[in-house]
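Here is a short briefing for a reader who has not seen this structure before. The sequence and the model come first, and the notes follow by topic.

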Amino acid sequence: MLGGAFIWVWAFLSLLPLLWVAVQSLRPDIEFLVDPWSLPSLDTLSVDSYLTAFVEGEMAAYFGNSAVVVATVVALVLVLSLGAGYALSRLSFPGRRVTSVLVLAVLTFPGAILLLPMFLVSYELGLLNSALGLIIPYTTFTLPLSILLMKSAFDALPEDVFAAARIDGCSEWRVFWNIAVPLVPGSISMVGFLVFMPVWEEFLWAFIALRDSERFTVPIGLVFLDDNKVLYGYNVGFAGMVLAAAPVIVALLVSQRGFLRAVTAGAVKG
Amino acid sequence: MTRVAAVLPTRRRADGSRADPPAQRRLGVLLVAPTLLLIGVYFLWPLARAFQVSLYEYTGLGSPAADDFVGLGNYARALADPELWASLARNLLFAAINLAGALVIGSVLAYQLYRKIRGWRFLQIAVFIPHILPVAVVALLWRFIYQPTIGLLDSSMAALGIGDGTTLWLGEPALASFAVGFVWAWTLVPFAMLIIFVGMLRIPEELTESARLEGASEAKLLRHVVLPVIAPTLWLVAALVVVASFRSFDLVYIMTAGGPGYSTTTAALYTYRQAFEFNAYGYASALGFVIAVVLALILPFIARQMRRGAIEL
């Protein structure tokens with residue numbers, strides 16, 4: 001069937017750019033400049049471009065910066081969205097409605113327009129050019145969807161569980177942390193995915209907020225590396241692309257189901 | 001908005017157990033306080049600041065000076081700025097390219113997965129890769145592919161004897177938006193495929209079975225069995241793709257920075273360039289609000305369609 005052939009062509013087109021670059025990253029530039037489709041020969045293959053990217057190209061430092069930012073944001077969002085999602089789902093408290101409305105407002109607002117105003121506020125807070133200046137806004141803008149997902153997970157739990165725990169004399173805190181939270185492990189990993197992906201690849205805000213190259217995250221560091229190809233050569237830039245893509249590809253291959261489910265849930269809720 | 005229902009407080013506890021309302025109130029406030037603080041600092045405050053700044057001819061950091069006050073002047077200028085409307089039109093062009101790719105190619109691919117074509121598990125993952133690649137990687141990959149002479153596209157075309165291998169894919173205003181649009185669609189097709197595939201899983205098997213038994217052609221099956229079931233899903237995908245086409249501009253920015261000239265500058269990117277290329281902070285803020293209002297007029301319609309699809313999924 002035509003469609004059957006087409007999906008193979010499209011799969012080829014999907015993989016080709018990254019595969020080509022991955023092969024090329026291991027060869028001297030001159031080989032592809034002479035013939036882009038020449039096959040690699042074993043004598044000239046080398047991982048030097050990766051060493052150059054890591055050391056002289058500072059990719060090692062960029063990975064460190066990104067790791068700190070991503071890990072902190074994921075941890076913060078998980079804790080805060082569990083709390084807020086639970087509160088909106090199960091507790092009655094003053095400010096509940098306002099919270100719901102604000103969460104939806106952040107979720108629906110076109111964030112790209114906020115870049116300049118956020119820059120002005122970051123300047124006033126003295127948070128420009130710092131990891132914290134990335135962590136706080138990334139947390140703020142990944143929270144709303146996470147809260148929605150957590151809230152619907154808590155909504156789905158049977159009320160009896162909570163009633164029983166309260167009758168047993170559990171404090172409200174313990175009902176939340178020791179009873180409710182352990183019942184939503186699926187949502188915790190899903191939110192983890194949905195926060196990790198956009199924060200790992202975020203470019204524009206980091207590009208605006210960071211000035212010194214020693215604070216760069218991987219996406220800006222990568223573009224910086226590519227801009228310096230005169231200095232390092234094309235294959236070092238290619239090596240950088242492979243390195244920046246590696247974490248998400250590994251995550252996809254390790255947890256295909258979880259990944260695809262997270263993307264679907266994120267789309268439907270968001 | 002339409003999703004209010006999804007997040008509004010769930011009905012109060014009706015079980016009659018003696019929960020301690022003051023303790024609940026305390027915990028509730030405690031649990032949402034950090035979220036409210038963050039939203040206050042990085043959403044409400046920036047909005048308020050942007051509105052203040054939009055009333056001034058403001059180009060620097062710090063407090064705007066009183067004699068730079070222009071009232072609604074920046075808004076009047078924005079509404080009369082042909083570049084704003086041109087940039088919104090470019091959003092529409094990107095949305096059209098992305099829609100065509102996502103709906104047509106996404107449906108064809110999803111149907112192959114649904115038919116469990118040989119190797120479908122591998123294909124699903126392979127096709128999905130462009131969607132999860134960091135946007136900077138996508139942009140740099142394709143910036144290289146489109147590079148004149150040594151880029152993969154030009155050099156391959158020259159090798160095949162098509163053209164002279166010196167096409168400036170990203171350097172010609174007429175070509176650049178289609179070159180970028182193709183890449184944008186390339187990243188959205190897998191996403192559309194996945195959602196449509198999930199939608200197709202709801203097609204009742206008895207229905208396809210009996211249609212086949214009665215000797216219905218593949219075309220009839222698609223038209224009368226598959227399409228009605230996935231129609232709401234297609235609307236959902238369409239809505240999500242349009243929203244994405246208006247919201248983000250990072251791919252465009254890394255590939256062309258909005259150029260050549262303004263030929264790939266979308267609306268949000270236009271405010272960005274006004275702000276960070278020309279330091280026109282006041283004007284850029286006003287532009288931002290105008291664009292937010294324009295989107296708010298388009299989005300409720302889209303959100304309605306979205307909800308129709310989401311309910312069914």
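In which hand, left or right, does H5(B) pass H8(B)? H5(B) passes H8(B) in a left-handed crossing, a crossing being left-handed if the near helix is turned anticlockwise from the far one by less than a right angle, and right-handed if clockwise. The model is predicted, so local features need pLDDT of at least 70 and side-chain atom pairs count only at pLDDT 80 or more, while totals for chains, interfaces and linings use all residues. Residues are numbered from 1 along each chain as its sequence is written, and chains are lettered from A and ligands numbered from 1 in the order in which they are written.

**Chain B overall**

- Chain B has 13 helices and zero strands; helices (H or I, at least four residues) and strands (E, at least two) are DSSP runs, numbered from the N terminus.
- Of the 313 residues in chain B, 45% are buried; a residue is buried if 20 or more other C-beta atoms lie within 10 Å of its own, exposed if 12 or fewer, and partly exposed in between, with C-beta atoms placed from the backbone.
- Among the contacts in chain B with a separation of 6 or more, 69% join residues 24 or more positions apart; two residues are in contact if their C-beta atoms, placed from the backbone, lie within 7 Å.

**Helices H5 and H8 of chain B**

- Helix H5 (residues 120–132) and helix H8 (residues 173–200) of chain B pack at an angle of about 125°, with their axes 7 Å apart; axes are lines fitted to C-alpha atoms, for helices over the stretch in contact, and angles run from 0 to 180 degrees between N-to-C directions.
- H5(B) and H8(B) are therefore oblique to each other; angles under 35 degrees count as roughly parallel, over 145 as roughly antiparallel, 65 to 115 as roughly perpendicular and the rest as oblique.
- From H5(B), B:Val127, B:Phe128, B:Pro130 and B:His131 meet residues of H8(B) including B:Trp186, B:Pro190 and B:Leu194.
- The residues of this contact of H5(B) with H8(B) divide into eight nonpolar, two polar and no charged; Ala, Val, Leu, Ile, Met, Phe, Trp, Tyr, Cys and Pro count as nonpolar, Asp, Glu, Lys and Arg as charged, and the others, Gly among them, as polar.
- B:Val198 also lies in helix H8 of chain B, and it counts as buried because it has 21 C-beta neighbours inside 10 Å.
- B:Val198 and B:Trp120 are 78 residues apart in sequence and 14 Å apart in space, C-alpha to C-alpha.

**Helices H4 and H10 of chain B**

- Helix H4 (residues 82–114) and helix H10 (residues 218–247) of chain B pack at an angle of about 145°, with their axes 9 Å apart.
- H4(B) passes H10(B) in a right-handed crossing.
- The residues of the contact of H4(B) with H10(B) divide into 11 nonpolar, four polar and no charged.

- Nine of the 10 residues of helix H12 (residues 267–276) of chain B are buried, so H12 is largely enclosed by the rest of the structure.
- The buried residues of H12(B) include B:Leu269, B:Tyr270, B:Tyr272 and B:Arg273.
- In the loop between helix H11 (250–256) and H12 of chain B lies B:Pro260, and the peptide bond from B:Gly259 to B:Pro260 is cis, with omega near -5°.
- B:Ala257 is in the loop between H11 and H12 of chain B, and its phi is near 55°, a positive value in a residue other than glycine.
- B:Asn279, in the loop between H12 and helix H13 (281–312) of chain B, has a positive phi near 55°.
- B:Asn279 counts as partly exposed because it has 14 C-beta neighbours inside 10 Å.

- In the contact between the chains, 85 residues of chain A touch 90 residues of chain B.
- Helix H1 (residues 2–24) of chain A gives the largest share of the side of chain A that touches chain B, 12 residues.
- That side of chain A divides into 61 nonpolar, 15 polar and nine charged residues.
- The largest nonpolar core has 184 residues, and those with the most contacts inside it are A:Met241, B:Ala136, B:Leu141, B:Ala192 and B:Val237; a nonpolar core is a set of buried Ala, Val, Leu, Ile, Met, Phe, Trp, Tyr and Cys residues joined through C-beta atoms within 7 Å.
- H8(B) gives the most to this core, with 17 residues.
- Not counting residues up to four places away in sequence, A:Met241 touches A:Val21, A:Leu222, B:Val137, B:Leu140 and B:Leu141.
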